[in-house]
Amino acid sequence: MASHVNLLRDASEENLPATLKNMQQALPILDIVKTIILAIDRKGRIIYLNPTGHQLLGHEIGALIGRDWFDVAISPNRRQQTREALARIVRDNTELNHYVEHDVVCADGRMRLIAWHNTVVREADGEVCGVFCSGADITDQRDARIALRMADLSINSAREAIFWLTEEGRIHFINAAAAVLLGRPRGQLVDMRLSELEEGLDEAGWQARWERLQQSGSWTLEGLWRNARGVGVPVESNAAHIRFEGVDYALVVARDIRQRRDAEEKLHTVAQTFHQAMMDAEDHVALTRKAFASAIEGVVVVGADGYIESVNPAFTEITGYSAEEALDSSPALLHHDHHGQGFFNAMWEEIERTGSWVGEVWNRRRDGESFPQRLALTAIRGSDGEINHYVAVIHDMTELRRSEQELHMQTFYDALTGLPNRSLFKDRLAHSLRQASRMNEQMAILFVNLDLFKKINDSLGHACGDELLRLIAGRFKSRLRDGDTACRLGGDEFAVLIENLEQAQDAVMVTQKLFDAVEQPFQIRGHEAHITLSVGISLYPADGEDAEALLRTADMAMTRAKQAGRNNFQFYTAAMDTQALERLRIENQLRHALVNEEFVLHYQPKVELSSGRVVSMEALVRWQKPDGAMVPPGVFIPVAEETALIGPMGDWILRAACLQTRQWVESGYDHLRVAVNISARQFQQRDFVQQVQAVLEDTGLNPRHLELEITESLMMVDVEQAIESLSQLKALGLCMSVDDFGTGYSSLSYLKRFPIHALKIDQSFVREITTDADDAAIVSAIVSMAHNLNLEVVAEGVETAEHLEFLKKLQCEEIQGYYFSKPLDAKAFTELLKSGRSL
Ligand SMILES: Nc1nc2c(ncn2[C@@H]2O[C@H](COP(=O)(O)O[C@H]3[C@@H](O)[C@H](n4cnc5c(=O)[nH]c(N)nc54)O[C@@H]3COP(=O)(O)O)[C@@H](O)[C@H]2O)c(=O)[nH]1
């Protein structure tokens with residue numbers, strides 16, 4: 001059944017070394033473990049690779065058995081080297097039991113890092129006959145490790161000291177620069193309170209600072225922080241409020257401003273003496289000018305009349321205004337409308353009262369760019385006590401703010417789309433949940449998944465896939481209200497948070513906006529891409545009271561939307577929990593059923609109306625549980641479809657049906673044809689045609705005895721691809737029919753192009769043909785249309801003599817249904833053939 005284990009499973013006991021014998025016994029377990037299990041022979045040929053290994057490498061289960069491991073999984077530049085290593089082990093009969101990490105190449109060209117544990121396998125005589133490897137995919141761990149190291153490196157190479165402070169003002173985290181600033185090892189500083197470090201800051205002072213941070217979101221302060229020797233270091237600290245994993249922190253970026261203080265003091269002195277110095281000794285003036293000119297901060301001297309009297313070169317560098325342009329102008333030439341009049345009034349009041357003001361101000365450069373600066377403004381009084389000048393010292397904070405912003409973006413935003421990432425989304429969700437609970441409001445989460453995104457990635461490449469995600473994010477942003485938060489959860493998954501929802505129906509309106517957003521095709525690097533969405537909706541408080549629960553229930557509803565055929569939305573219902581558990585139970589049992597070969601095929605005859613003879617039979621799978629219970633396919637085929645299990649299961653069904661039919665053909669029933677149902681996922685496999693060809697070759701069945709039944713809706717998913725695959729199958733010599741005809745949306749023009757030989761009218765129409773005029777008309781129309789297109793017609797679900805009469809009159813070619821026979825097991829079907837029974 002499961003071809004991927006055939007080589008090992010079919011090997012006779014004597015041929016197998018002990019290790020592989022043990023492995024043969026362990027197959028049922030190896031088939032389901034999440035570790036990659038690989039056995040290669042001495043030439044590197046794959047004897048066994050479990051489903052986990054096949055899935056990781058992006059191949060259909062079983063496809064790699066018998067292939068050369070180095071060719072399929074090792075990159076060309078390492079292939080020769082690893083092949084030689086194996087050859088050495090075999091030649092020198094060396095012991096091998098080691099751990100190694102190396103990359104494997106997946107079908108789509110991506111590399112995954114695997115941690116392997118390899119052991120040689122020996123024959124009874126001690127000869128090396130192969131290598132047994134168990135591997136764990138550690139790519140994500142490695143990437144996470146690298147990302148962490150990069151973040152760590154960026155933080156620790158920053159020149160600014162970074163502190164994460166808790167609500168109690170304790171140090172939770174610091175970088176290397178912080179330890180240098182305070183001259184203490186990091187271990188000593190973590191958990192210390194800021195009040196133990198900053199002069200004049202007590203518990204009450206910290207609390208006031210924390211509250212200010214909660215209200216305004218940031219602070220800029222100067223203070224003296226004691227280092228290890230108890231010496232006060234003047235420090236400027238910029239804090240931002242940050243919420244991480246549900247906990248509030250003050251993210252403080254601090255810098256030693258000793259140099260700047262010195263410069264300011266010098267400049268203060270300069271300013272005080274400036275006026276005097278202009279008139280005093282030449283050498284004194286020269287000295288003052290030198291200090292003025294070489295300062296790294298911009299300095300502006302403004303006269304009592306409010307006009308600039310002098311600026312230094314650093315001022316020009318920062319603002320873009322030359323000295324000539326600035327002189328005799330008002331400092332208002334730098335002004336930015338960021339601050340209201342109230343801000344300036346408060347500033348001048350403080351200068352009047354204390355003689356100086358220090359704070360952060362937004363100004364505008366000559367080229368119009370706005371920039372943040374730290375401004376220290378001092379009033380200079382003459383000997384008469386009157387203010388005769390103001391000296392402003394400005395420090396450009398653009399770079400500092402930019403690095404703070406970058407740090408924030410990296411932590412909370414998705415680099416590809418610019419949308420909030422999962423962690424910021426959860427944060428906002430938790431915040432909104434508190435608000436909604438206080439205000440008794442409703443909220444909704446939309447969990448959005450792109451349909452068949454993998455197909456776009458596979459066909460157009462990952463760069464196009466990324467571009468599509470960017471474009472979709474842009475369209476979502478432009479359609480949603482400012483109050484609705486959209487985020488990218490990862491991969492092809494997005495989420496939208498809708499706050500203050502009046503009624504559940506409003507969530508549908510927002511969902512509709514998302515559907516509208518993707519309605520027009522996307523133009524990507526010369527390609528046109530169409531995409532649809534599946535959306536799950538959960539409501540607060542009905543479907544969950546915390547972020548985790550709401551995301552989980554919305555995700556479940558999204559899965560249901562996919563199962564309902566994609567391109568739609570579903571609200572979460574409590575029944576989904578029970579159904580999800582039931583599906584999981586069936587999925588687990590199915591895995592064992594596959595290994596234990598618990599499936600059987602029944603065959604339902606199809607009868608030719610012109611002769612009354614059985615001319616073919618539809619193979620219908622049943623699951624016979626160890627307790628004898630028979631599970632109908634309607635229960636487990638959909639679960640197998642959703643998981644990769646339909647691959648090996650479909651392969652087994654096709655093989656079993658072909659083998660059985662070959663026996664019947666060889667027993668003299670050469671006119672028989674077996675019809676096998678093909679599910680969507682099977683048909684969409686890239687190598688489906690090759691798989692069918694391999695089964696025909698392996699079972700020795702002449703292709704003219706095989707028919708594939710493919711549903712109408714499946715053929716319409718990707719018409720061109722379907723035409724291509726069906727044409728190749730036809731060229732092999734087998735025939736195809738369209739199953740469940742009438743229930744989907746076939747376009748007649750496409751129908752003409754599909755290389756098919758028959759339509760099977762769905763039983764839902766046949767059931768009522770003698771009692772419902774509409775159904776009778778539909779069936780008549782289908783038969784006449786099919787005949788016009790030179791297609792045969794098979795009517796299924798024929799249960800009564802009246803059905804039969806009606807279909808005979810329409811000149812339908814074949815019938816199938818309980819009227820003639822229910823599906824029979826192979827033995828009973830053989831009896832039916834022997835009896836020569838006909839209509
Ligand atoms: N991918 C695969 N799908 C399969 C396979 N085997 C079955 N199936 C699909 O499962 C669905 C249910 O199948 P089943 O329970 O076997 O029912 C089939 C017949 O028993 C039933 N039938 C036939 N005649 C009558 C009738 O006169 N009355 C009546 N009430 N039911 C009848 O119809 C089912 C056959 O349907 P169809 O395939 O559309 O011809 C079903 O969708 C199967 O396709 C499998 O191996 N692979």
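**View 1. Strand 24 (614-624), helix 24 (633-642) and strand 28 (735-741) each supply at least two residues of the shell around the ligand.** Helices (H or I, at least four residues) and strands (E, at least two) are DSSP runs, numbered from the N terminus. Strand 24 gives the largest share of this shell, four residues. The model is predicted: local features need pLDDT of at least 70 and side-chain atom pairs count only at pLDDT 80 or more, while totals for chains, interfaces and linings use all residues. Residues are numbered from 1 along each chain as its sequence is written, and side-chain values use heavy atoms, with hydrogens and water left out.

**View 2. The ligand is surrounded by 22 residues.** The closest are Glu618, Asp740, Gln763, Glu796 and Glu799; a residue counts as near if one of its heavy atoms lies within 4 Å of the molecule. By class, the shell holds eight nonpolar, six polar and eight charged residues. Here Ala, Val, Leu, Ile, Met, Phe, Trp, Tyr, Cys and Pro are nonpolar, Asp, Glu, Lys and Arg are charged, and the others, Gly among them, are polar.

View 3. The ligand taken alone exposes 820 Å², of which the protein buries 81% (Shrake-Rupley method, 1.4 Å probe).

**View 4. Backbone geometry at Asp740 and Pro541.** Asp740, in strand 28, has a positive phi of about 55 degrees although it is not a glycine. The peptide bond from Tyr540 to Pro541 is cis, with omega near 10 degrees. Pro541 sits in the loop between strand 21 (533-540) and helix 22 (547-563). Most residues other than glycine have a negative phi, and most peptide bonds are trans.

**View 5. Residues 1-16 have pLDDT under 50 throughout.** pLDDT is the predictor's confidence in each residue, from 0 to 100. For residues 1-16 the model has 48 contacts (heavy atoms within 4.5 Å) beyond four places in sequence. Where pLDDT is low, the predicted coordinates should not be read in detail. The protein has a mean pLDDT of 87, and 92% of its residues reach 70 or more.
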